[in-house]
Amino acid sequence: EKLGAEDPWYCPNCKEHQQATKKLDLWSLPPVLVVHLKRFSYSRYMRDKLDTLVDFPINDLDMSEFLINPNAGPCRYNLIAVSNHYGGMGGGHYTAFAKNKDDGKWYYFDDSSVSTASEDQIVCWAHNPLKASESRREVCWCTCGKFFWRKEKMILL
């Protein structure tokens, strides 16, 4: 990631701020991978919520290519939950989808209300809730902020 002109890096050698590129290497990954996306944009003069659509896999998120450990082997994850935010910077409402580990079914959580859901609804609601329920009266935009994936279990033969 290239750091912007408003976000210079301080070099301890030359003692000056300068533009730089930052890099992150991964050696191993946890059993549950939590990805928290930056969904807000900040500058000196403005703060805004980002509404960029996020395309995400429900099954087989392959993280192998991001690991530098030569002995890591395959590293695949399956989605187990998504946290959604409706609203803007000043306020809003959070909902979530989560997969029950015992019955393998997806559920939708909205305050004290819990209902069953399908994988299609997760992707659909994460992008536009109106596609999932045409009967909704209000027009609202949902942007996912947190994704939770569980590592697939390896079966050794």
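This dialogue works through a few features of the predicted model shown above.

Student: What should I know about the model before reading it?

Tutor: It is a predicted model, in which local features need pLDDT of at least 70 and side-chain atom pairs count only at pLDDT 80 or more, whereas totals for chains, interfaces and linings use all residues. Residues are numbered from 1 along each chain as its sequence is written, and side-chain values use heavy atoms, with hydrogens and water left out.

Student: What does the protein average in pLDDT?

Tutor: pLDDT is the predictor's confidence in each residue, from 0 to 100. Here the protein averages 77, and 71% of the residues score at least 70.

Student: Where does Ser 28 lie, and is Ser 28 buried or exposed?

Tutor: Strands are DSSP runs of E with at least two residues, numbered from the N terminus. Ser 28 sits in the loop between strand 2 (16-18) and strand 3 (32-36). Buried means under 20% relative accessible area, exposed over 50%, and partly exposed in between, with a 1.4 Å probe and protein chains only. Ser 28 has a relative accessible area of 52%, and is therefore exposed. From C-alpha to C-alpha, Ser 28 and Ala 72 are 7.0 Å apart in space, though 44 residues apart in sequence.

Student: How many of the residues count as buried, as a percentage?

Tutor: By that cut-off, 29% of the 157 residues of the protein count as buried.

Student: How is contact to be read, and what share of contacts joins residues at least 24 apart?

Tutor: Contact means heavy atoms within 4.5 Å. Among contacts between residues at least 6 apart in sequence, 50% join residues at least 24 apart.

Terms used
Helices (H or I, at least four residues) and strands (E, at least two) are DSSP runs, numbered from the N terminus.
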